[in-house]
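Hi everyone, thanks for coming. Let me put the structure up, and then I'll walk you through the sheet and the cores.

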Amino acid sequence: MPAHLLHRRHLLKGAAAALTLSALHASGLGTAPLQRNHRVGLIGTGWYGKSDLFRLIQVAPVEVVALCDVDRNHLEEAGAMVAQRQASRKTPKLYADYRQMLAENKLDIVLIGTPDHWHALMAIDAIKSGAHVYLQKPVSVDVLEGEAILAAARRHNRVVQIGTQRRSTPHLVDAKKTIVDAGLLGKVHHVEMCCFYPMRANGNPPVQPVPAHFDYEMWTGPAPLRPFDKLPHGGWWRTFMEYCNGIMGDMCVHMFDSVRWMLGLGWPTSVWSTGGIYVDKAGKSNTPDTQTAVFKYDGLDCVWEQRAWGNPSDPEYPWAFMLHGDKGTLKADVHKWEFIPVGAGGQRIKKDVVYEREQYPEDLKEPRIELHAAPATRAHMRDFLAAIQAGSRPVADIEQGHISSASCILANMSMQLGRPLAYDPVSKKILGDAEATALLARSYRKPWVHPFGQNR
């Protein structure tokens, strides 16, 4: 079949899928605005940046006009892959500096798939350039960066969708409607969330020269400049708190955001956390391998537990959330959900993840694709595009992404300080705690300037 017909067939099937999902999605999933060919740019062309972009290409007739990455090898590979994927077969313009990309192209949409320490500056600059933004989680590496992105999005009236795509995951949308919203749980008074994946990179690679194809200075940007010991791709950067929020900011943010969405929760009244490096102490990593956090609400505790070692508490749900109500429990993860009623007379219900292999056979050839997550990201992109067309807020609006991300950052701060923290989003201070308030914004490496308080 000719490429343009194949592309159109996928668009029509994608639209049909969106209509099916709209019956499940609590806020309504509109189909993509197919009548407009949005001009798109991607910053960060590694694994997940490309994955997000390819899902967008699958659901709307966008034109990818520009790509940016500080790794020339990644950039050129992505350019060739995009040329094969998009309908025009054009190779996007390639950039090493995102500021030049934004200045030279009038972009409707910018996707950001960089390491976390770059999210705030890139998102704000993209918003200021006039683009709507799809920003990977976590929103930021400090709380006030998130406040700055939110302020910029509202000031410039741009749609910012955060990559917390559990809010668009078909089987979880179904669980929210048929279990939570239908009242089968009763009153929820306790939530468990967990991650027991052995995903914490570690090791002691020696300091070495920076490869010619990689701009380490620009990659580091506003963060502290560590001695170069290997390319940071593939998760090495995630093992250093200089560039991320640890497993808390990578994995808890998804589960906590899902819980808040399911239960309609806003900011927690306080956050408490403890943990550290208890087991895997041999390498350079400075992210915790063990951590517990409690996000408190009135009459409800949301408890997070992570271990990057040992066995999961429940092998069926190694990365998951459990909502405990007085009438039943909902266990859920990215692959399935299960409702367990209180008492012997109730009906247990279980449903699995929705796959779309037949509708999108090209998924099967994409390196490192998460097949279970692809339908969720496609639905998330449709929701993003519908919000742009309608001038409305998407399901994972920047405000929601900021609350979830900042709450996880507060947990890390609590672990560092050894006490509970209560953040006030109005005054943007930790209540009664000047020492903690001073930690709400990180110091930036010169010449980069922290965006909070800037005229953006």
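Predicted model: local features only at pLDDT ≥ 70, side-chain atom pairs only at ≥ 80, totals over all residues.

Residues are numbered from 1 along each chain as its sequence is written, and side-chain values use heavy atoms, with hydrogens and water left out.

OK, the sheet. It's open, with 8 strands in the order β8-β9-β10-β7-β11-β12-β13-β14, and the pairing is mixed; pairing takes at least two DSSP bridges between two strands. β8 (270-276) and β14 (349-352) are at the edges with a single partner strand each, so one side of each has no neighbour in the sheet. Further in, β7 (188-195) and β11 (319-325) run antiparallel, joined by 7 bridges. One of those pairs Cys195 with Trp319.

Now, which strands does helix α7 lie across? Helix α7 (170-180) lies across β11, β12 (328-332), β13 (336-341) and β14, at about 15° to β13. Contact here is heavy atoms within 4.5 Å, and angles, from 0 to 180 degrees, are between N-to-C directions of axes fitted to C-alpha atoms, for helices over the stretch in contact.

Last, the cores: sets of buried Ala, Val, Leu, Ile, Met, Phe, Trp, Tyr and Cys joined through side-chain atoms within 4.5 Å, with buried meaning under 20% relative accessible area (1.4 Å probe, protein chains only). The largest has 98 residues, with Met193, Phe295, Cys302 and Trp304 making the most contacts inside it. Helix α9 (246-263) gives this core its largest share, 10 residues.

How values were computed: Buried < 20%, exposed > 50% of the residue type's maximum accessible area, 1.4 Å probe, protein only. Helix = DSSP H or I, 4+ residues; strand = E, 2+ residues; numbered from the N terminus.
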